[in-house]
Amino acid sequence: MISDSSLKLVYSKENESLYEFRPSIFKLHYKFLDRYFFGRKLRYVYEYLQPKHYLVYYYALDDEIIGQCVVFPGGRRVEGTTNKDIVIGGPYYIIPSQRRKGLCKKMIQLTLKHCSYDYHRVYAYISKGNTPSINTAKGLGMQTIKEGNLSKYLHKLVQLFSSSSLKIT
């Protein structure tokens with residue numbers, strides 16, 4: 001078990017754990033596993049300043065963090081979502097040495113089951129060329145509902161996936 005007061009243990013079984021991290025303006029992530037571009041940092045600052053903050057879930061095996069899943073409240077950044085939805089992504093990520101083992105799908109399932117937000121629908125926006133993430137979303141039962149720009153302000157070609165059946169109880 002990882003002992004850090006900024007991480008809240010929300011699930012633990014055998015050798016796997018899931019932790020919730022609530023950001024602060026001074027600490028946007030507990031540990032950022034993926035590349036941390038300036039634009040992404042600005043997005044996290046913007047999201048933090050909104051009334052309902054994003055949450056970061058960290059997936060650990062044998063007390064080593066190997067993945068993260070960022071959960072944003074809907075109704076802001078992704079067109080078509082409402083405040084009763086959540087958006088996963090930004091990114092969800094598994095370290096390279098642990099990929100192709102089904103761990104990303106498992107991490108997302110655990111994140112949705114233990115997410116602090118009450119939600120009706122789950123959305124994911126994925127760059128059109130990101131085949132592994134698209135396959136993960138489809139493996140979770142999500143379907144493409146739209147292809148196009150992320151929002152009217154951000155011009156990045158994405159596929160928007162949605163599912164109302166992903167609320168795992």
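**Exercise 1. Is T111 buried or exposed, and what is its relative accessible area?**

Step 1. Start with the cut-offs: buried means under 20% relative accessible area, exposed means over 50%, and partly exposed lies in between (1.4 Å probe, protein chains only).

Step 2. T111 has a relative accessible area of 0%, so it is buried.

Step 3. Before going on, a word on what you are looking at. This is a predicted model, in which local features need pLDDT of at least 70 and side-chain atom pairs count only at pLDDT 80 or more, while totals for chains, interfaces and linings use all residues. Residues are numbered from 1 along each chain as its sequence is written, and side-chain values use heavy atoms, with hydrogens and water left out.

**Exercise 2. Find where T111 sits and list what it is in contact with.**

Step 1. Look in helix 2 for T111. Helices are DSSP runs of H or I with at least four residues, strands are runs of E with at least two, and both are numbered from the N terminus.

Step 2. Contact means heavy atoms within 4.5 Å. Setting aside neighbours within four places in sequence, T111 is in contact with L18, Y57, C69 and V71.

Step 3. Now look along the helix: its buried residues are L103, C104, M107, I108, L110, T111 and L112. In general, an α-helix has 3.6 residues a turn, so residues three or four places apart point the same way.

**Exercise 3. Check the span of helix 2 (residues 103-114).**

Step 1. The expected span of a helix is 1.5 Å times one less than its number of residues.

Step 2. Helix 2 has twelve residues, so it should span 16 Å.

Step 3. The end C-alpha atoms of helix 2 are 16 Å apart, which agrees.

**Exercise 4. What does T136 touch?**

Step 1. T136 belongs to helix 3 (residues 131-139).

Step 2. Its relative accessibility is 16%, so T136 counts as buried.

Step 3. Leaving out residues up to four places away in sequence, T136 touches Y92, C104, K105 and I108. Two of these, C104 and I108, are among the buried residues of helix 2.

**Exercise 5. Describe Y30 and its surroundings.**

Step 1. Y30 lies in the loop between strand 2 and helix 1.

Step 2. With a relative accessible area of 23%, Y30 is partly exposed.

Step 3. Y30 touches I2, D4, S6, L7, F21, Y58 and I65, again without residues up to four places away in sequence.

Step 4. E20 is ten residues from Y30 along the chain, and their C-alpha atoms are separated by 9.6 Å.
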